[in-house]
Amino acid sequence: PNSIMVVENLKQSNTSFGIFRENVLSGYIIYNSKTKRMQQFGIDKNHRKKYLAKQLFNHIAKHFELILPLSISRLMQPVQLN
């Protein structure tokens, strides 16, 4: 049905990358090159705050020759509102 066609189309436009530590997936990112959007990313809770997300986003930017609108480190810093 429709859902099978959607999944097949996503296979063609989505690219995924993962970071593995000792053959275990520690983080992943899925990027849609047609829409130029990050579909999903995640970091295992035991591997957070180790800049894995930054590595994944930078890899996507380099692989697809993108310019990230903001640095990842700036995005991760808390903002204080008055």
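How many aromatic pairs does a search of the whole structure find? The structure is a predicted model, in which local features need pLDDT of at least 70 and side-chain atom pairs count only at pLDDT 80 or more, while totals for chains, interfaces and linings use all residues. Residues are numbered from 1 along each chain as its sequence is written, and side-chain values use heavy atoms, with hydrogens and water left out.

The search returns 2 aromatic pairs; rings of Phe, Tyr and Trp (its six-membered ring) pair if their centres lie within 6.5 Å, and planes under 30 degrees apart count as stacked, over 60 as edge-to-face and the rest as tilted. Tyrosine 31 and phenylalanine 64 form a tilted pair, at 4.7 Å centre to centre and with 45 degrees between the planes. Because tyrosine 31 belongs to strand S2 and phenylalanine 64 to the loop between H2 and helix H3 (72-76), this pair ties together parts 33 residues apart in sequence. Helices (H or I, at least four residues) and strands (E, at least two) are DSSP runs, numbered from the N terminus. Tyrosine 31 is buried, at 2% relative accessible area, whereas phenylalanine 64 is partly exposed, at 24% (buried is under 20%, exposed over 50%, partly exposed in between; 1.4 Å probe, protein chains only).

Phenylalanine 41 and phenylalanine 57 form an edge-to-face pair, with 4.9 Å centre to centre and 80 degrees between the planes. The pair links strand S3 (residues 37-43), which holds phenylalanine 41, to helix H2, which holds phenylalanine 57, 16 residues apart. Phenylalanine 41 is partly exposed, with 43% relative accessibility, and phenylalanine 57 is buried, with 14%.

The largest nonpolar core has 9 residues, among them Tyr31 and Phe57; such a core is a set of buried Ala, Val, Leu, Ile, Met, Phe, Trp, Tyr and Cys residues joined through side-chain atoms within 4.5 Å. Strand S2 (24-32) and helix H2 (52-63) each supply at least two residues of this core, and H2 gives the most, with 5 residues. Beyond its neighbours within four places in sequence, isoleucine 60 is in contact (heavy atoms within 4.5 Å) with Phe17, Ile29, Tyr31, Met38 and Leu66.

The 3 strands form an open sheet in the order S1-S2-S3, with antiparallel pairing; two strands pair if DSSP finds at least two bridges between them. Strand S1 (14-21) and S3 stand at the edges with a single partner strand each, so one side of each has no neighbour in the sheet. S2 and S3 pair over 6 bridges in the antiparallel sense.
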